[in-house]
Amino acid sequence: MAHEELVTLLQDGKIDHLQFLMNGDHSQEYLAWCREHGVSPDPENAEFFCDMTGSEMMTLQFEEYESDGLWY
């Protein structure tokens, strides 16, 4: 699934942060983080991971630049 699609689905509430991460570019990084912290992947710690790493902010910024015509 394209990154832009995942961002839209997350923003529209059609997928949660776990689905966003597992279907996106950060799945391996997230799974490694789960192993390091002894937790199972779930929506709550996926959201925490996004907040902690800034992954969500990067995707939101990308969409803002794209919609403003600033993305080249």
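Phe-49 is buried, with a relative accessible area of 2%. Phe-49 lies in helix α4, while Trp-33 lies in helix α3. Trp-33 also counts as buried, at 11% relative accessibility. The cut-off explains both calls: buried means under 20% relative accessible area.

These two residues meet through their rings. A pair of aromatic rings is described by the distance of the centres and the angle of the planes.

Tyr-30, Trp-33, Phe-48 and Phe-49 form one aromatic cluster. The count of aromatic pairs comes to four.

Two packed helices are described by the angle between their axes and the distance between the axes. Helix α3 covers residues 27-37 and helix α4 covers residues 43-53. They pack at an angle of about 110°, with axes 11 Å apart. The range for roughly perpendicular is 65 to 115 degrees, and α3 and α4 are therefore roughly perpendicular to each other. From α3, the contact is made by Glu-29, Tyr-30, Trp-33 and Cys-34. From α4 come Asn-45, Ala-46, Phe-48, Phe-49, Met-52 and Thr-53. By class, this contact has seven nonpolar, two polar and one charged residues.

How does the rest of the chain look? The protein chain has five helices and zero strands. From the N terminus on, the order is α-α-α-α-α. The chain has 72 residues, and 29% of them are buried. Contacts also reach across the sequence. Of those between residues at least 6 apart, 42% join residues at least 24 apart.

Finally, confidence. The mean pLDDT of the protein chain is 82, and 75% of its residues reach 70 or more. Helix α2 (residues 17-22) has the highest confidence, with a mean of 95. Helix α5 (residues 55-67) has the lowest, with a mean of 53. Where pLDDT is low, the predicted coordinates should not be read in detail.

Key
Residues numbered from 1 in each chain as written. Predicted model: local features only at pLDDT ≥ 70, side-chain atom pairs only at ≥ 80, totals over all residues. Heavy atoms only, no water. Axes fitted to C-alpha atoms, helices over the stretch in contact; angles between N-to-C directions. Helix = DSSP H or I, 4+ residues; strand = E, 2+ residues; numbered from the N terminus. Parallel < 35°, antiparallel > 145°, perpendicular 65-115°, else oblique. Contact = heavy atoms within 4.5 Å. Nonpolar A, V, L, I, M, F, W, Y, C, P; charged D, E, K, R; others polar. pLDDT = per-residue confidence, 0-100. Phe/Tyr/Trp six-rings, centres within 6.5 Å; stacked < 30°, edge-to-face > 60°. Buried < 20%, exposed > 50% of the residue type's maximum accessible area, 1.4 Å probe, protein only.
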